[in-house]
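Work through the following exercises with the sequence and the coordinates at hand. Each task is followed by a stepwise solution.

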Amino acid sequence: MTPKTPGHGNTAHQLGNSCGTLPKQATPGSVVPWPSLQHVELRYIGEVLRHCGNNKAQAARMLNVDYKTLLRKLAQMKGESE
């Protein structure tokens, strides 16, 4: 049997064996809905922006990314919410 990667229908039991522990809400045999890396990244950017009072320049510094990179990622966020 070929091992599956997170996000592709792994059961919690399979992931628990490969990662050492089960996700908190998982039970053996349940399918774990892993978010995509892009989803996690955009969610994190949103949290940092809220922390900075929506100051994009400050958020870019906190994230250690170029201001234009942050603007591009924010455009991605806007495109996904429409």
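A salt bridge is a side-chain nitrogen of Lys or Arg within 4 Å of a carboxyl oxygen of Asp or Glu. The model is predicted: local features need pLDDT of at least 70, side-chain atom pairs count only at pLDDT 80 or more, and totals for chains, interfaces and linings use all residues. Residues are numbered from 1 along each chain as its sequence is written, and side-chain values use heavy atoms, with hydrogens and water left out.

**Exercise 1. Salt bridges**

Step 1. Side chains of opposite charge can pair when their charged atoms come close.

Step 2. Lys 73 pairs with Glu 41, with 3.1 Å between the closest N and O atoms. This pair links distant parts of the chain, since Lys 73 lies in helix 4 and Glu 41 in helix 2, 32 residues apart. Helices here are DSSP runs (H or I, at least four residues), numbered from the N terminus.

Step 3. Lys 73 has 16% relative accessibility and counts as buried, while Glu 41, at 33%, is partly exposed. The classes are buried (under 20% relative accessible area), exposed (over 50%) and partly exposed in between, with a 1.4 Å probe and protein chains only.

Step 4. Glu 47 pairs with Arg 50, the closest N and O atoms being 2.9 Å apart. Both are in helix 2, and because they are three residues apart, about one helical turn separates them. Glu 47 is partly exposed at 43%; Arg 50 is exposed at 57%.

**Exercise 2. The nonpolar core**

Which residues make up the largest nonpolar core?

Step 1. Apply the definition: buried Ala, Val, Leu, Ile, Met, Phe, Trp, Tyr and Cys residues joined through side-chain atoms within 4.5 Å.

Step 2. The set has 10 residues: Leu 42, Ile 45, Val 48, Leu 49, Cys 52, Ala 59, Ala 60, Leu 63, Leu 70 and Leu 74.

Step 3. Helix 2 gives the most, four residues.

Step 4. Beyond its neighbours within four places in sequence, Leu 49 is in contact (heavy atoms within 4.5 Å) with Asn 54, Asn 55, Lys 56, Ala 59 and Leu 74.

**Exercise 3. Helix 3**

Which residues of helix 3 are buried?

Step 1. They are Ala 59, Ala 60 and Leu 63.

Step 2. Their arc around the axis, taken from the directions from the helix axis to the C-beta atoms, is only 100 degrees, so they lie on the same side of helix 3.

Notes
Helix = DSSP H or I, 4+ residues; strand = E, 2+ residues; numbered from the N terminus.
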